Amino acid sequence: MKRVFALILAGALSVSLFAGCGGNKEPAAEGSTPAASGEASEGGEGAAPAGEIVFWTQDTAPWKGWFDPAIEAFQQQNPDIKVKVEYFPQFADKLTQAYAAGQQPDVAQTWQGITHWAKAGKLDPVPDSVYSKEDMQAKFYEGALKNKEFEGQYYCIPAEINVESPGLLVNMDLLEKMGKTLPDGWVENNGPKSWDELLSFAKELTVKSGDTITQSGLAYAYAQWEAMFVSLIWQNGGDYRDEANSVVHFNTPEAKKAAEFMLKYANPADPDVICDIGASRYELFIQGTAAMVMGAPWYAGSLATDAPDMNYQYFNMPAMVDGSDPYCMATGGWGYIVSAESKNKPAAWEFVKQMTTPEQIGSWALGVGSLAAHKEANADLEYDPNVGSVEKALAVSKDILQYGNEDGAYTLDSSQLIYTIVRQQLQQMVETGDIDTALATMEMEGNDMIETNLNR
């Protein structure tokens, strides 16, 4: 039983070139590396770019597994350009500190919002020789572009349209051990039809010892659960974003309902408890102490490295609020930036140009489990609906893109807003149980951040 799906991946993936290139695959055979495609950029009286550039990205097995052979292939086609790649485990902090100190690399691939750096003059705008503004708007998904633009100019080329917390992964080995099977219709419908249906099954899979959760039926705590929080705000009919007034609103009835939802199902005293709140949801899942986990397509890419022997399934989450559509976060994710201080911009942009062809973006997306931002990066992909895989995760996730909302590019640093301010206050909320203070603080700190960014 195979399905063919028009997937947001490369339209011309060559099996001989791309097989095994992702970090979540077995090591590729010699010569089976990602292709460095694209013509040399127009620079300096037609001369080909040359020299050394430094490229930074995050230190994870899927990323290194893809970029190492991709960069080697690029240098074989561009022998006059030397790329020094550096991987960092705490990458967001490292890049932020580097830009603050004026010690940034020539090129970085980052998921962070870049509008604050663009406003500060720290980024080189995307040149027409790589992608014109019209090309960017025509070739990339609109949701992937909003946080890559500042005052009508693009400063980052997106590789990914990032969706967070719309996925449901099921540990099929644990189900078998417990003598359970998937509810009827989940495979055919790519997931449960309602939150009540999912909750009922999660309660069957939850194991308690006194007041201790020893196995989560559905793990959702920490990690990217701030995306779950804002999704619940939208699903409750609210919106924290207020672009017209350049502020955010978290001290609202809809946000309070979202917070109450998140605490309820992680409270051991609640009869509906399904989640251990003592550890990150992803860690619980790969350790085998969560039967299901709320996640994203890239979880599938990471599982191939972190839990290669796990038999799992991948579905879409239903709406968590009755009567709502399954709104989720879908915004510009990983993309390529070039420093305004780079001493070798022609070589830097030539590297970026060749890393952002439809073929390369598609290959990278499959390698790491991300949804490609380039519209032409499409291919028909076969997957078995009865088995979890990166291919299935990416394919079924396309169905939820219509419900995706961007996270607030107008704040000039939506990454800090969501993944620092909101994340910290959700953690504080768990520790104190004080929802009102957490919401008021995230609103105050969010608006202080926006004011600082706008006044720089």
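## Close-up views of a predicted model

**View 1. Strand S9 (residues 167-171) and S14 run antiparallel and are joined by four bridges.** Strands here are DSSP runs (E, at least two residues), as helices are runs of H or I with at least four residues, both numbered from the N terminus. Two strands count as paired if DSSP finds at least two bridges between them. Look for Gly167, which stands opposite Gly295 in S14, and for Leu169, which has Val293 of S14 opposite. This is a predicted model, in which local features need pLDDT of at least 70 and side-chain atom pairs count only at pLDDT 80 or more, while totals for chains, interfaces and linings use all residues. Residues are numbered from 1 along each chain as its sequence is written, and side-chain values use heavy atoms, leaving out hydrogens and water.

**View 2. An open sheet of three strands has the order S14-S9-S15, with antiparallel pairing.** S14 and strand S15 (312-316) are the edge strands, each pairing on one side only. From one strand to the next, the twist averages 25°, an angle between N-to-C directions on a scale from 0 to 180 degrees, with axes fitted to C-alpha atoms, for helices over the stretch in contact.

**View 3. Strand S14 (residues 292-295) is covered on both faces.** In a regular strand, side chains alternate between the two faces of the sheet. Here Met292 and Met294 lie on one side and Val293 and Gly295 on the other, all of them buried (under 20% relative accessible area; exposed is over 50%, partly exposed in between, with a 1.4 Å probe and protein chains only).

**View 4. Helix H11 (residues 253-264) meets helix H18 (residues 435-455), their axes coming within 10 Å and crossing at roughly 130°.** The two helices are therefore oblique to each other (under 35 degrees is roughly parallel, over 145 roughly antiparallel, 65 to 115 roughly perpendicular, and the rest oblique). H11 contributes Ala255, Lys256, Ala259, Glu260 and Leu263 to the contact, and H18 contributes Ile435, Asp436 and Leu439; contact means heavy atoms within 4.5 Å.

**View 5. Helix H15 (residues 358-368) is largely enclosed by the rest of the structure, because ten of its eleven residues are buried.** Among the buried residues are Pro358, Ile361, Trp364 and Leu366.
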